[in-house]
Amino acid sequence: MSHSHPTNASPSELHLTGIPGLQHLHHWISIPFCIMYLVTLAGNSTLLCVIKADPSLHLPMFLLLSMLAVIDLVMSTSITPKMLGIFWFHSTAISLDACLTQMYFAHAFSVMESGVLVAMAFDRYVAICNPLRYLSILTNPVVAAIGLAALLRAVVFMSPLTFQIHRLPLCRPAVVHHSYCEHVAVLKLACGDAAFSNTYSLSISTYVVSFDSLLIGLSYALILRAVFRLSSPQACKKAFSTCSSHLCVMALFYIPGLLSMYMERYHQELPPHIQVLLADLYLLIPPAFNPLIYGIRTKQIRDGARRVISQRRSMAG
């Protein structure tokens with residue numbers, strides 16, 4: 001009779017279960033997930049094409065928006081195709097290297113997204129509260145430095161997590177009770193001492209969400225204070241509508257991710273599918289909504305899209 005024992009050699013292949021307890025609903029769950037992914041691909045790709053094609057959009061705000069679009073495309077693509085493969089074809093197997101790569105991209109790019117959201121909030125603060133110095137403060141080199149800083153922070157924060165899991169022996173059976181290689185779910189397979197990884201990942205997640213959301217909240221509070229003091233009621237209403245929609249999308253990014261991590265550790269009595277769905281949605285909803293909130297609702301983007309379309313039509317004619 002064979003028994004499953006921990007071994008010192010990590011398995012070369014893992015198996016993702018999808019959404020635990022809801023496997024019988026995978027086909028139905030795949031429909032909104034697939035729609036969100038298609039919206040992400042179409043919305044962010046269109047946004048990038050419009051910004052690239054229209055020189056009037058080569059401004060700091062839209063360069064940051066381009067960074068956000070690229071991050072959303074990579075972050076969503078790192079998990080959704082495999083997730084849909086599980087839902088549609090029961091393709092649960094994933095190699096250990098592919099799993100660690102997926103984990104690294106999903107978590108590193110979510111940290112990058114958080115950094116770019118902070119930069120975008122600062123951009124709006126400078127544009128509204130100090131408009132005369134906007135282009136002198138946010139020059140192209142400064143925007144490039146902000147993007148590089150967001151990338152470096154993500155690499156510095158996330159590399160130790162992936163390196164540590166790579167070093168830990170994983171137990172058999174190598175079944176990850178999740179729809180993608182989420183760090184905490186993979187860490188549960190560890191046979192060795194995973195205390196460092198647990199503490200480090202919880203500390204980094206708490207720091208990123210708390211620090212970045214504090215900066216974003218402070219920026220928008222200063223924006224609203226400036227608008228309410230100086231502008232007409234119509235301008236106040238427009239600013240409040242814009243800020244509230246931005247903050248709602250940011251809340252959908254920060255709150256489910258942090259909740260899923262804390263629930264995974266401290267609320268074991270809750271159904272596991274709740275934690276998995278929260279972890280899925282915080283990586284799927286913002287990439288689908290960001291181009292709608294930051295793009296379509298922005299007048300310059302709509303005008304730029306019309307100019308690009310008219311130019312293409314005139315060239316075709």
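The structure is a predicted model, for which local features require pLDDT of at least 70 and side-chain atom pairs count only at pLDDT 80 or more, while totals for chains, interfaces and linings use all residues. Residues are numbered from 1 along each chain as its sequence is written, and side-chain values use heavy atoms, with hydrogens and water left out.

Helices and strands are DSSP runs numbered from the N terminus (helices: H or I, at least four residues; strands: E, at least two). The axes of helix 1 (residues 26-53) and helix 9 (residues 272-296) come within 9 Å and cross at roughly 35°; axes are lines fitted to C-alpha atoms, for helices over the stretch in contact, with angles running from 0 to 180 degrees between N-to-C directions. On the side of helix 1, the contact (heavy atoms within 4.5 Å) is made by F33, M36, V39, T40, G43, N44 and L47. Helix 9 contributes L277, D280, L281, L284, I285, P287, A288, P291 and G295. The residues of this contact divide into 11 nonpolar, 4 polar and 1 charged, where Ala, Val, Leu, Ile, Met, Phe, Trp, Tyr, Cys and Pro count as nonpolar, Asp, Glu, Lys and Arg as charged, and the others, Gly among them, as polar.

A pair of aromatic rings is described by the distance of the centres and the angle of the planes. The structure holds 10 aromatic pairs, defined for rings of Phe, Tyr and Trp (its six-membered ring) with centres within 6.5 Å; planes under 30 degrees apart count as stacked, over 60 as edge-to-face and the rest as tilted. For F105 and F109, the ring centres are 5.6 Å apart and the planes lie at 5°, so this pair is stacked. The two residues are 4 residues apart in helix 3 (residues 96-129) and are therefore separated by about one helical turn. With a relative accessible area of 35%, F105 is partly exposed, whereas F109, at 16%, is buried; buried means under 20% relative accessible area, exposed over 50%, and partly exposed in between (1.4 Å probe, protein chains only). Ring pairs also link Y104, F105 and F109 into a cluster.

An edge-to-face pair is formed by F157 and Y207, because their ring centres are 5.8 Å apart and their planes stand at 80°. F157 lies in helix 5 (residues 140-167) and Y207 in helix 7 (residues 195-230), so the pair ties together parts that are 50 residues apart in sequence. The relative accessibility of F157 is 15%, and this residue counts as buried; Y207, at 37%, counts as partly exposed.

A disulfide is a covalent bond between the sulfur atoms of two cysteines. Under the criterion of a pair of cysteine sulfur atoms within 2.5 Å, the count comes to 2 disulfides. One of them joins C99 to C181, with an S to S distance of 2.0 Å. The torsion about the S-S bond of C99 and C181 is about -120°, so this disulfide is left-handed. C99 is located in helix 3 and C181 in the loop between strand 3 (175-176) and helix 6 (183-187), so the bond ties together parts that are 82 residues apart in sequence. Both C99 and C181 are buried.

C171 and C191 also form a disulfide, with sulfur atoms 1.9 Å apart. C171 lies in the loop between helix 5 and strand 3 and C191 in the loop between helix 6 and helix 7, so this pair ties together parts that are 20 residues apart in sequence. C171 is buried at a relative accessible area of 18%, while C191 is partly exposed at 29%. With the bonded cysteines of the protein chain numbered in sequence order, the pairing is 1-3, 2-4.

Two further residues were examined for their surroundings. S219, found in helix 7, is buried with a relative accessible area of 11%. Residues up to four places away in sequence being excluded, S219 touches A121, F122 and Y125. G18 lies in the loop between strand 1 (13-16) and helix 1 and counts as buried at 0% relative accessibility. The C-alpha atoms of G18 and I86 are separated by 6.3 Å, although the two residues are 68 residues apart along the chain. Apart from neighbours within four places in sequence, G18 is in contact with H26, I86, F87, H178, S179 and V276.
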